[in-house]
Amino acid sequence: MSILVAKHLKKYYGEGETLVKALDDVSLQVERGEFVSIIGTSGSGKSTLLHMLGGLDNPTSGKVIIDDKDISGLKGDKLCIFRRRKIGFIFQSFNLVPSISVYDNITLPIRLDGKKVDKAFVKNVIDTLGLENKLDTIPAKLSGGQQQRVAIARALASKPAIILADEPTGNLDSKTSLDVLGLLGTTGKKFNQTIVMITHNDEIAQMADRTIRIEDGHIV
Ligand SMILES: Nc1ncnc2c1ncn2[C@@H]1O[C@H](COP(=O)(O)OP(=O)(O)O)[C@@H](O)[C@H]1O
Ligand SMILES: [Mg+2]
């Protein structure tokens, strides 16, 4: 059964002469445990699609169904809680909380949900990402690549059913990129997680089970 379904998604910005059809009738299905990459050039609509799939923004029309639930029917706190339980996001801009430590950032979604941190699992994630010496540091003291690794650790820590990642290796060197993708792939299979990863890099896209190509707001 598909865990993630998008039906006829459209997202239009602006109007008249400034109308941008960021997504123009995108439909897709992702199976539980599948690792899908979305590839396309800059401005093709990748981030917009990921935001719609994760319920971070409303489509102009169409719907997104996660685990049999039409998320357009969820509002406010309900949407927020549903998202936190089901989805781990890795944003292009990291979105770390600046005032708290790396460790607290990584475990924040788990604690917000009132769940217990699986310390052994989180340690494994931290070690794989090479963050063991940075746990007490605040994000501003880290490089871009290190902040990206914290964002990845945070998304993995709660073992969400779905991981949505926007260029998760965009700021990493090629060795770290491969390590991170290896980790995503391994934990994904181990916990039967569904991963949707945006990239503009063909080589990285190939590491997924399936690649979806997007151009000008369409799947091609
Ligand atoms: N908030 C917004 N307001 C207006 N236009 C937007 C907005 N977000 C994205 N766009 C436009 O939508 C198109 C797709 O953007 P985006 O999804 O960010 O592409 P990608 O992630 O593939 O680079 C681009 O033309 C972009 O300029
Ligand atoms: Mg983008």
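Start by selecting Thr211 and Ser37: their side chains make a polar contact at 3.0 Å (a pair of N or O atoms within 3.5 Å; within protein, one must be able to donate a hydrogen and the other to accept it, and residues adjacent in sequence count only if both atoms are side-chain atoms). You are looking at a predicted model, in which local features need pLDDT of at least 70, side-chain atom pairs count only at pLDDT 80 or more, and totals for chains, interfaces and linings use all residues. Residues are numbered from 1 along each chain as its sequence is written, chains are lettered from A and ligands numbered from 1 in the order in which they are written, and side-chain values use heavy atoms, with hydrogens and water left out.

**Around Thr211**

Leaving aside neighbours within four places in sequence, Thr211 is in contact with Ser37, Ile39 and Ala205 (contact means heavy atoms within 4.5 Å). Color strand S9, residues 210-215, to see the element that holds Thr211; helices (H or I, at least four residues) and strands (E, at least two) are DSSP runs, numbered from the N terminus.

**Across to the ligand**

Next, show ligand 1 and the residues around it: Tyr13, Val20, Ala22, Thr41, Ser42, Gly43, Ser44, Gly45, Lys46, Ser47 and Thr48, each with a heavy atom within 4 Å of the ligand. By class, this shell has 3 nonpolar, 7 polar and 1 charged residues.

- Thr48: an N or O atom in its side chain is 2.5 Å from a ligand oxygen.
- Gly43: a polar backbone atom is 2.7 Å from a ligand oxygen.
- Gly45: a backbone N or O atom lies 3.1 Å from a ligand oxygen.

The protein covers 57% of the 570 Å² of accessible area that ligand 1 has on its own (Shrake-Rupley method with a 1.4 Å probe).

**Helix H1**

Select strand S2 (20-31) and helix H1 (46-53), which each supply at least two residues of the ligand shell. H1 gives the most, with 3 residues. This helix is largely enclosed by the rest of the structure, because 6 of its 8 residues are buried: Lys46, Thr48, Leu49, Leu50, Met52 and Leu53. Just after H1, click on Gly55, which takes a positive phi of about 70°.

From Thr48, jump to Gly73, 25 residues away in sequence and 20 Å away in space, C-alpha to C-alpha. Gly73 sits in the loop between strand S5 (69-70) and helix H2 (76-86), and it is exposed, with a relative accessible area of 61%.

**The nonpolar cores**

Finally, select Ile106 and Leu129, the residues with the most contacts inside the largest nonpolar core, which has 34 residues (a set of buried Ala, Val, Leu, Ile, Met, Phe, Trp, Tyr and Cys residues joined through side-chain atoms within 4.5 Å). H5 brings the largest share, 7 residues. Not counting residues up to four places away in sequence, Ile106 touches Val122, Ile126, Leu131, Leu135, Val150, Ala153, Arg154 and Ala157. Apart from this core lies another, of 29 residues, among them Leu23, Val30, Met52 and Leu53.

Terms used
Buried < 20%, exposed > 50% of the residue type's maximum accessible area, 1.4 Å probe, protein only. Nonpolar A, V, L, I, M, F, W, Y, C, P; charged D, E, K, R; others polar.
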